[in-house]
Amino acid sequence: MSLKDTITKNFNEINEDIKKYSPYPEKVKIVGATKYLDKYKLEDYFYSGAKIIGENRVQSLREKKEHFDNLDISKKIEWHFIGSLQKNKLKYFIDYINLIHSVDRLSIAEAIDKEAKKRNKIINCLLEINISKEKSKHGFFIEDLYENINKLKSLNNLNIIGLMTMAPFTKDKEIILNVFKNLKTLKDELNNTHFNGELTELSMGMSNDYKLALSQGATMIRIGSKLFN
Ligand SMILES: *Cc1c(COP(=O)(O)O)cnc(C)c1O
């Protein structure tokens, strides 16, 4: 099977799962975690009907964006950043990025706000939350988030539209399910206390756990291996 056919088949399967597991399938978007594809293979992803590219390294995002600009297909896709962020790299994608999933600390939020202001842009963002408090993971602990929330909200060129998390590496479904459940609860709580219902997105779930994430209300699932193999 060609890569394009493989991806098309996988899209169909995942879309069936979305209908089966999500309480609101029409709200769910598939974010391709495209770190596995070089810029040429990424064309197959695009031509299989993909709508969103999610990259976790700035360098490869740039390369792929330039490649798509040359093919004149860049504007037909949404560009998302899902990896860990460094301040000095923001300038390379701030002009075209549609959503940053991984705002994991106040200082990076302030840096995005500053870069966005220079360009008179508003950048859509998700706050990354470290629900499981693993040392190896990025993101705000819930307590720290509440300490920083007013500062985050005061950044006018940052449009916070939801939350993101990574589930822990474990086979225990109960643990994973609870992480997703807690992110959903946090979103609902923040909507009541600080955001007046403006948080609409929950980016959670990857190849191994997206069904669990869907059952807990994920609106964006970030899928790599399950899509491309
Ligand atoms: C790679 C990656 C994914 C997808 O991982 P798979 O298990 O291959 O689906 C999701 N989110 C982030 C941040 C990633 O880097």
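How far apart do the end C-alpha atoms of residues 80-228 lie? The legends below take this predicted model one view at a time, and the answer comes with the first.

**View 1. The annotated span, residues 80-228.** The end C-alpha atoms of this span lie 18 Å apart.

**View 2. Helix 1, residues 3-21.** Follow this helix through its 19 residues: from first C-alpha to last, helix 1 reaches 26 Å, close to the 27 Å expected at 1.5 Å a residue. Look for Thr-6, Ile-7, Asn-10, Phe-11, Ile-14, Asp-17 and Ile-18, which are buried. Down the helix axis, these buried residues fall within an arc of 135°, so they line one face of helix 1. Turn to the other side of the helix and you will find Lys-19 and Lys-20 exposed.

**View 3. Stepping back to the chain.** Here you can pick out eight helices and eight strands. The radius of gyration is 17 Å, close to the 17 Å from the globule rule for 229 residues, so the chain is as compact as a globular protein of that length. Of the 229 residues, 52% count as buried. The accessible surface comes to about 11,400 Å², and carbon and sulfur atoms account for 46% of this surface.

Notes:
Residues are numbered from 1 along each chain as its sequence is written. This is a predicted model: local features need pLDDT of at least 70, side-chain atom pairs count only at pLDDT 80 or more; totals for chains, interfaces and linings use all residues. Side-chain values use heavy atoms; hydrogens and water are left out. Helices (H or I, at least four residues) and strands (E, at least two) are DSSP runs, numbered from the N terminus. The expected span of a helix is 1.5 Å times one less than its number of residues. Buried means under 20% relative accessible area, exposed over 50%, partly exposed in between (1.4 Å probe, protein chains only). The arc is that of the directions from the helix axis to the C-beta atoms. UniProt positions are given in the numbering used here, feature names are shortened, and annotations may be inferred rather than shown by experiment. The radius of gyration is taken over C-alpha atoms; the globule rule is 2.2 Å times the number of residues to the power 0.38. Accessible areas come from the Shrake-Rupley method with a 1.4 Å probe; for residues, only the protein chains shown count as cover.
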